[in-house]
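This briefing is for a reader who is new to the structure shown below. Its points are grouped by topic.

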Amino acid sequence: MSSVPADYPQFLIAIKQRVRDAQYQALQAVNREQLQLYWDLGQLIAERQQQAGWGKKIVETLAHDLQTEFVGLSGFSASNLWRMRAFYLAYAHEEVLAPLVRELGWSLNVAILEKTQSTHERLFYVSQARQHRWTKATLLHQLQAQAYQKTITAQHNFEQTLSPAQHTSAVLALKDEYLFDFLELSVPHSEYELEQALLGNVRRFLSEMGGDFTFLGNQYRLELAGQEYFIDLLLFHRELQCLVAIELKIDEFRPEYAGKMNFYLSVLNDTVRKSHEQPSIGIIICQSKNRTVVEFALRDVNKPIGVATYTYSDTLPSELRPFFPSNEELVRRLDAVTAALQAPLGNNPVRPSGTDQPE
């Protein structure tokens, strides 16, 4: 038997990648066809209801007849036909969302449709699932953790400290509150114990932080004028192309934490940041915060910093959430998040999550 050529391993890698690409393209095609079919059926049902006054009984009859005709093909139950109708009605007049939802699997679309209330909220979850290739389990976790609400209420000074291009992505990289429900910590616990617990669950920690974060190190050493300083956690954000310093605090936010983070970011930019990278960003994660104090503490800081809290459950006692933004402030932040979501929509094709068909 002749020996394997020296370049065979590279040849095999190329062939495997070609097969995977073909599988991906086939899955995309199937997903597009399925979503288009469901869209068309939803449209037909909605139009017949409006024009001919079709009621619940007719849809149940239609479901029975389709299941009888297409034995073994799931997806034609009465409940799923109603979902198709709701799917069409929700997006028929949404020029931005209509093409995007066709790039997600049906089960993801159903989850978003049934668990969200507004177009802005749906845009958030659709674009995030699309960009970060969320599975259904990940999407459901993000919905349960109220990722959208925690993004639009996040406190930061990004608008004043980042360029418009970087700001539009940075607003999506910060939550107002992080849910560390995967940690098992005693109460009380130390900052060291919190850090070690996060390191022991680093994959779930990065998932909670967001899809584009990667881990670089903990107790990251900085040196300046013969003195050593240590950042609790150092991450890198792929889309923002910048270092992200994380400081963990087990008490309420204090104004001096912002000054310390501002100093760390200056040193990072001067001694660690590479020439092609954007300015570093800081995130201070505390056990609690007074929103008014945070707003004043960040007002005159010249480095981009966000302040968040952490909890172990998806419901936080009301006494830890004082002074939430006014409706006017929420509208302003909502507009900023919407702009950030719409900016990169054409640049991140997503792998479909599957062509699953609910009964």
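The model is predicted. Strands β3 (residues 213–224) and β4 (residues 227–237) pair in the antiparallel sense, with ten bridges.

**Strands β3 and β4**
- The two strands β3 and β4 form a hairpin with two residues between them.
- A225, in the turn of this hairpin, has a positive phi of about 50 degrees.
- N218 has L233 in β4 as its bridge partner.

- β4 and β5 run antiparallel and are joined by five bridges.
- Four residues lie between the strands in the hairpin of β4 and β5, where Q241 takes a positive phi near 55 degrees.
- Opposite H237 stands C242 in β5.
- On to strand β6 (residues 281–286), β5 is again joined by five bridges, but here the strands run parallel.
- The bridge partner of L248 in β6 is I285.

**Burial of β5**
- Strand β5 (residues 242–248) is mostly covered, with seven of its seven residues buried.
- In a regular strand the side chains alternate between the two faces of the sheet.
- In β5, C242, V244, I246 and L248 point one way, while L243, A245 and E247 point the other way.
- Both sets of residues are buried, E247 included.

**Helix α5**
- Helix α5 (residues 106–115) is largely enclosed by the rest of the structure, because eight of its ten residues are buried.
- The buried residues of α5 are W106, S107, L108, N109, V110, A111, I112 and L113.
- The elements that cover them include α1, α3 (78–91), α4 (97–101), α6 (119–132) and α7 (136–144).

**Loop residue N157**
- N157 is in the loop between β1 (155–156) and α9 (158–161).
- The relative accessible area of N157 is 3%, so N157 is buried.
- Its side chain reaches the backbone oxygen of V301 at 3.4 Å.
- Leaving aside neighbours within four places in sequence, N157 is in contact with L298, V301, K303, P304 and I305.

**A nonpolar surface patch**
- V4, Y8, F11, I15 and V19 make a nonpolar surface patch of about 470 Å².
- One of these residues, V4, is found in the segment before α1 (8–52).
- V4 has a relative accessible area of 56%, so V4 is exposed.
- Residues three or four places apart on an α-helix point the same way, because the helix has 3.6 residues a turn.

How values were computed: Residues numbered from 1 in each chain as written. Predicted model: local features only at pLDDT ≥ 70, side-chain atom pairs only at ≥ 80, totals over all residues. Heavy atoms only, no water. Buried < 20%, exposed > 50% of the residue type's maximum accessible area, 1.4 Å probe, protein only. Polar contact = N/O pair within 3.5 Å; in protein donor to acceptor, adjacent residues only side chain to side chain. Contact = heavy atoms within 4.5 Å. Pairing = 2+ DSSP bridges. Patch = residues over 30% accessible without salt bridge, like charges linked within 9 Å, V, L, I, M, F, W, Y side chains within 5 Å. Areas by Shrake-Rupley, 256 points an atom, 1.4 Å probe, with all protein chains shown as cover. Salt bridge = Lys/Arg side-chain N within 4 Å of Asp/Glu carboxyl O.
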